[in-house]
Amino acid sequence: MELKGSCHCGSVKFTVQSPHPYPFNLCYCSICRKTAGGGGYAINLSGRYKTLKVTGRKNITVYRARLRDDATGKITKSTGRRHFCKKCGSALWLWDPGWPELVHPFASAIDTELPVPPERTHLMLGSKANWVPVIAGPRDKKFDEYPEESIAEWHQRLKLEC
């Protein structure tokens, strides 16, 4: 499925091919919540990085989150690169060199109509803000950390290939 996306002000537009377009993965970690999750979570999709086409690239800035090791207190930078519009601040996508073939556009930046997921995965609930309610359906899965099931495996299990 081709996903078309943009920032709020229209300075950045992009397209990407996604074999896994269902917006089911709700991430409640502090990074997603603070950089892209007005409702207390963000939803990342999956796309093929080599198909990412961008107009307005000069209007993009990249943020690498600061990670604190609980045991040592040491601060390091995340390998993940969160891309934003530098004019309006819209969160666009995440790319990580650990998985160079993938790109994870934020569902909130997608203009294409997305399919409605039959169930959702609520992840990183261990770092959820206390004011955020988890509104889970009867089939939804909940995890304090990352689930073992990948975005691709979720789509395969539910036979939702596009």
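Student: How many aromatic pairs does the structure hold?
Tutor: Keep in mind that this is a predicted model. Rings of Phe, Tyr and Trp pair if their centres lie within 6.5 Å. Going by that, the number of aromatic pairs in the structure is five.

Student: Is the pair of Tyr-22 and Trp-154 stacked, edge-to-face or tilted, and which parts does it tie together?
Tutor: The ring centres of Tyr-22 and Trp-154 sit 6.1 Å apart, and their planes meet at 55 degrees, so the pair is tilted. Tyr-22 is in the loop between strand 2 and strand 3, while Trp-154 is in helix 2, so parts 132 residues apart in sequence get tied together. In short, the pair is tilted, and the parts are the loop between strand 2 and strand 3, and helix 2.

Student: Is Trp-95 buried or exposed?
Tutor: Buried means under 20% relative accessible area. Trp-95 has 18%, so the word for Trp-95 is buried.

Student: And what about Tyr-49: buried, partly exposed or exposed?
Tutor: Buried stops at under 20% and exposed starts over 50%. Tyr-49 has a relative accessible area of 35%, so Tyr-49 is partly exposed.

Student: Which Trp residues is His-83 in contact with, leaving aside its neighbours within four places in sequence?
Tutor: His-83 lies in strand 10 and counts as buried at 12% relative accessibility. Its contacts include Ile-60, Val-62 and Leu-92, and the Trp residues among them are Trp-93 and Trp-95.

How values were computed. Residues numbered from 1 in each chain as written. Predicted model: local features only at pLDDT ≥ 70, side-chain atom pairs only at ≥ 80, totals over all residues. Heavy atoms only, no water. Helix = DSSP H or I, 4+ residues; strand = E, 2+ residues; numbered from the N terminus. Buried < 20%, exposed > 50% of the residue type's maximum accessible area, 1.4 Å probe, protein only. Contact = heavy atoms within 4.5 Å. Phe/Tyr/Trp six-rings, centres within 6.5 Å; stacked < 30°, edge-to-face > 60°.
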